[in-house]
Each structure stands twice: as C-alpha cells, then as structure tokens.
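This report describes how a protein chain surrounds its ligands. Please consult the sequence and structure shown here.

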Amino acid sequence: MQLAETFAQMDAFLERSLLRPDPVLQAIAENSAKAGLVPHAVTPLQAEFLALLIRISGARRVLEIGCLGGYSAVAMARALPDGGSLLTTEIDTRTARVAQANIDQSGFGERIDLQIGPAMEALERAHAAGAVFDFVFIDADKVNHRNYLEKALQMARPGTLIVADNIVRGGDVLDAQSRENSVLGVRQMFAYAETLDGVEMTALQTVGAKGYDGMALFRVSQ
Ligand code: DHB
Ligand code: MG
C-alpha cells in the first residue's frame, strides 16, 4: 500500500475511534466542497487538536489568519468559553461569502468576526485598535507566514499560543534553493524564529488525509 493511502486510512481510523459525529463541521465541509473551495481546511482531527489547545490554554480571544470556508474558525470558536471571540480573515470575496454562510449556519456566528480583504490589513486594523489575542492560528498565504507571525507576536501577551500551519509542505521546506513562494515564506518564518527571544517554540510533523505537513507552536514566555 502506498504511504499516502496508509496516512489517509489511518486518519479515517482515528476519526472513527476518537471523534463523534459532528453535523456542524460536516455541513461546513460539504458546503465548502460544493462551492468548489480548495480542500485545504484542517482535518477533523486537526480541528479537535486546535479546539483542545484553546480549552487547555483557557484562551478567550482568538485570531485566525486565513478563514477559507470557516471550518477551523467554527471548530475554534466552539471551544471558547461564553464571552469568547474569534477574529478571522479571508482575502477572497467569494470564499468569504461561503464562509460567512457556513458561520451563520453553525450557530456560533455571534462569536466570529470575519473580515474580508488582505489578512495583513485586518491585522494592522486590529493592532491599531489595541487588540490582544490569547491564541492565534496562522493559516493564510504561506508567502506571508513570517509577517503574520511577527504581527501575531505584536498582539500577544505572556502566555499567548500561536500555531502556524503547513510548515513542512511534504518536505519542500528543506529546499534552500526553492523558488516556490510558499516555501520561501515558511523558510523566512523559521529564519525569523531563530532570532526570537522569550518565545517557547516547537513543531510537530504530521501525516494524514492531507499528506505530509506540520504545525509550529510558539508560546510567549511568562
Ligand atoms: C495549502 C494551504 C493550506 O492551508 C493547507 O493546510 C494545505 C495546503 C496550499 O496552499 O497548498
Ligand atoms: Mg493550512
């Protein structure tokens, strides 16, 4: 059996064993696929991983950079305590319409503020307004991974947890000669990470339904 197929089957096995039927997220996945969105949302197991991190850390103010169809936004917003809020960004207007419909249908729309336009503009606005976040999920255009991490750190407090998606990209991130913008962006993020002080950092390489990738974790020291 091909490794990729094993990864996908193992993901399905783990989902069957560990997750319960989730009509809310399932509807979002189906609507997003029907609307032709790219299949880049986090997997159900990854969504629960993010939700767990939010619950464990006690986060109340979440920033998501890169909304796509709203799958991870809803998964994270749902994990918040009453009064919690999530700001998310989507550059593509048509995608944002699909996401907003998914968010409205989810029952968690009141907690979610979807801002349409380039993520960096939304981040600049939030920063200018004095926003502080307890938890950040970076998952937009990988070209700007480094810039998003820098901005997230500017809106962090001691203890803030930042998760950056897609930091392996099938191993392409190893290639120092790569001309692919997303690889360059991720490599710039790691070069920036080398310069950081007062941030606890690690990364998980992942396999599963979305192939071989990974997430980096950053926690601002207390
Ligand atoms: C891509 C983007 C993602 O956020 C992801 O999780 C997987 C792939 C991409 O642009 O290729
Ligand atoms: Mg991603």
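Asp 165 is buried, with a relative accessible area of 3%, and Asp 139 is buried as well, at 13%. Buried means under 20% relative accessible area (1.4 Å probe, protein chains only). The model is predicted: local features need pLDDT of at least 70, side-chain atom pairs count only at pLDDT 80 or more, and totals for chains, interfaces and linings use all residues. Residues are numbered from 1 along each chain, ligands are numbered from 1 in the order in which they are written, and side-chain values use heavy atoms, without hydrogens and water.

The magnesium ion (ligand 2) has Asp 139 (OD), Asp 165 (OD) and Asn 166 (OD1) as protein donors, 2.0 to 2.2 Å from it; donors are N, O and S atoms within 2.8 Å of the metal (3.2 Å for Na, K and Ca). Asp 139 belongs to the loop between β4 (133–138) and α7 (145–154), and Asp 165 to strand β5 (residues 156–165), 26 residues apart.

Around ligand 1 stand His 40, Asp 139, Lys 142, Asp 165, Asn 166, Arg 169 and Lys 210, each with a heavy atom within 4 Å. This shell comprises no nonpolar, two polar and five charged residues; Asp, Glu, Lys and Arg count as charged. The table lists polar contacts, pairs of N or O atoms within 3.5 Å.

| Side chain | Distance to an oxygen atom of ligand 1 |
|---|---|
| Asp 139 | 2.8 Å |
| Asp 165 | 3.2 Å |
| Lys 210 | 2.6 Å |

Taken alone, ligand 1 exposes 290 Å², of which the protein buries 74%, by the Shrake-Rupley method with a 1.4 Å probe.

Technical notes
Polar contact = N/O pair within 3.5 Å; in protein donor to acceptor, adjacent residues only side chain to side chain. Helix = DSSP H or I, 4+ residues; strand = E, 2+ residues; numbered from the N terminus. Buried < 20%, exposed > 50% of the residue type's maximum accessible area, 1.4 Å probe, protein only.
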